[in-house]
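Here is a friendly briefing to read alongside the model. Please keep the viewer open as you go through the points.

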Amino acid sequence: METKVKIGDVVLSCPVLPASGCFGYGIELAQHYDLSALGGIVSKAVTLEERLGNDMPRIAETPSGMLNAIGLENPGVEFFLDVLLAQIKRFNLPIIVNLAGNEPTDYVELAEKMQDPQIVALELNLSCPNVKSGCMSIGTNPQEIERVVSAVRRATEKPIWVKLTPNVTDITEMALAAEAAGADAISLINTLLAMVVDVKTRRPLLKNNTGGLSGPAVMPVALRMVSECYRVIDIPIIGMGGIASVEDALAFLMAGASAVQIGSSAMQNPGLLFSMKDEMCTMAHDLGFSSLSEITGCLEYWN
Amino acid sequence: MVNLEHILVLEKNEQVSSKVHVLTFATEGVPQSKPGQFFELKSPYFLRRPIGVMQQSNNKISFGIRLVGKGTSALCGLSPGDRLSALGPLGRGFDLRHVSQPGDIVIVGGGSGIFPLLYLADQMRTSGLIQGLNQIYGFRSAEECFLEVEMCQHKNNMTLCSDSGGLDFHGHAVAALEAFLAEASAKPSAIFSCGPEAMMKSVVEVGKRENIPVQVSLETRMGCGIGLCRGCVVDLKDDSREAGFRRVRCCKEGPVFPGDKVIWS
């Protein structure tokens, strides 16, 4: 079974990636699993300055999923480049760095700093719902998306993946804006803005009041959005949102994704990330495919 | 590479009080945990449940589980022969270097925080390095006390406290600690604590006043338990940082921390 996939000019050995924020920088799981079963590594979001994130609690369980309101805690771009990148590079995998900014100019400044040849793509986080500025406030406005992506386009030669938020009326408008501004791919979806209430304390369970919903609960929404975007854009889609099994991953490919990212389910079941490639091959073979890339977009719609 | 995920087979499910079960599993191939370390046990709901080790020896591991919600109810509903996925051992346990110092050790626990302390006490006893081990365990009422004589092989120097009376000490575990320190012939070399946050905070205050180092094992809402998501952070005082503190992961850098460094929520 041919497992290689192409995301624009980027060739991945297989279409399985960890989702940003659910994998740290790969350092913890490398002690327990062979990371070469992945197509690459997607970093936790990197910002210009160190961020401490939101107050605790930041995690709440929901039916078939969870909320998080981490708030992009990370040590900042300087520490990332000086310390963490060298550790990630040791895994010898393509590196995708997720970049998040308060201001449109932050994305440009961050992109300019990502010069290492092992960094194969930049994933622009225009979708985190847990911060006051940047991110989702850009990703819910097609003009803002276009402005940020075209500015980053001018600043870097690296492929740009734009991670979009599902918290919009029409996801295709956002995808088309990213494509028009020169994005090489889009990543779909980030978490859904959500809330959990503790009736005993009459308070939202999260200190941030709201958080981002992920896990199997969001998968049907994510699939629908991948499918809608696949039909209107020509750049590849990296699909994610609640993938918890090989069937889920294949459903994303069929709906139009060229690769998938696995997030919160891999935190509960880390082995899933590392068995996924083999399981995809077995199932794809049983379904009559000879390569994983040919599955992309093969979904047959009812008239 | 060390296996992270293990399939445990339940051998015994004992209900030790109305709200507490002790689950004992066979542990073939599971690395030996240190007192204070925990496992993330699979639940039928989305998140795993982080549970501290109560005992691990002779290819068996036990967890004390307090019924607090649907996840813990599901765990307590397991039957012998059932298989359960567990990630671990996780986190850093108690720092036992203090144990080699001469002097008594005091362990202060409350509620489900008592379970990891029972393992700590057991390991200290078998290490034979300490001169005296004193355990103080608090419950809201005598009915909630789940410590059976067989669970505590050495009940010597163990004080069971109940807020509403009916046990060895009528009052809070912290009051029992203060009473113990007032009468102790020599100053203990360390205090280890696990339980409700208010209790641990008070124990740390007592430790500061008496100049005794306190280690606390914290419980936070965890996302993954394995250091990936930064959902469970704790702030520790750190004068070398501009902000005066640093933010660490409870699951990875903890759950045991020096009590005087913890910035309580």
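The lining of the largest cavity divides into 17 nonpolar, 16 polar and 2 charged residues, where Ala, Val, Leu, Ile, Met, Phe, Trp, Tyr, Cys and Pro count as nonpolar, Asp, Glu, Lys and Arg as charged, and the others, Gly among them, as polar. This is a predicted model, in which local features need pLDDT of at least 70 and side-chain atom pairs count only at pLDDT 80 or more, while totals for chains, interfaces and linings use all residues. Residues are numbered from 1 along each chain as its sequence is written, chains are lettered from A and ligands numbered from 1 in the order in which they are written, and side-chain values use heavy atoms, with hydrogens and water left out.

**The cavity**
- A search of the whole structure finds 1 cavity of 30 Å³ or more; a cavity is a set of points on a 1 Å grid over the protein atoms alone where a 1.4 Å probe fits but cannot get out.
- The largest cavity holds about 490 Å³ of space, a volume being the space filled by probe spheres set on the points, which are joined across faces, edges and corners.
- Its lining has 35 residues, with S20(A), C22(A), N68(A), N190(A) and T191(A) nearest the centre; lining residues have an atom within 4 Å of a point.
- In chain A, β6 (65-68), β14 (211-214), β16 (257-262) and α8 (264-268) each supply at least two lining residues; helices (H or I, at least four residues) and strands (E, at least two) are DSSP runs, numbered from the N terminus.

**Side-chain contacts**
- There are 18 salt bridges over all chains, each a side-chain nitrogen of Lys or Arg within 4 Å of a carboxyl oxygen of Asp or Glu.
- One of them is between R249(B) and E28(A), at 2.7 Å, N to O.
- R249(B) lies in strand β14 (residues 245-249) of chain B and E28(A) in the loop between β3 (16-18) and β4 (41-42) of chain A, so the pair joins two chains.

**Backbone details**
- M56(A) and P57(A) are joined by a cis peptide bond with omega about -5°, and P57(A) sits in the loop between β4 and β5 (59-62) of chain A.
- Another cis bond runs from G254(B) to P255(B), with omega near 10°; P255(B) is in the loop between β14 and β15 (256-258) of chain B.
- S64(A), in the loop between β5 and β6 of chain A, has phi near 55°, a positive value in a residue other than glycine.

Key: On a 1 Å grid over the protein atoms alone, a cavity is a set of points where a 1.4 Å probe fits but cannot get out, and a pocket is an open set with protein on both sides within 12 Å along at least five of seven lines; lining residues have an atom within 4 Å of a point.
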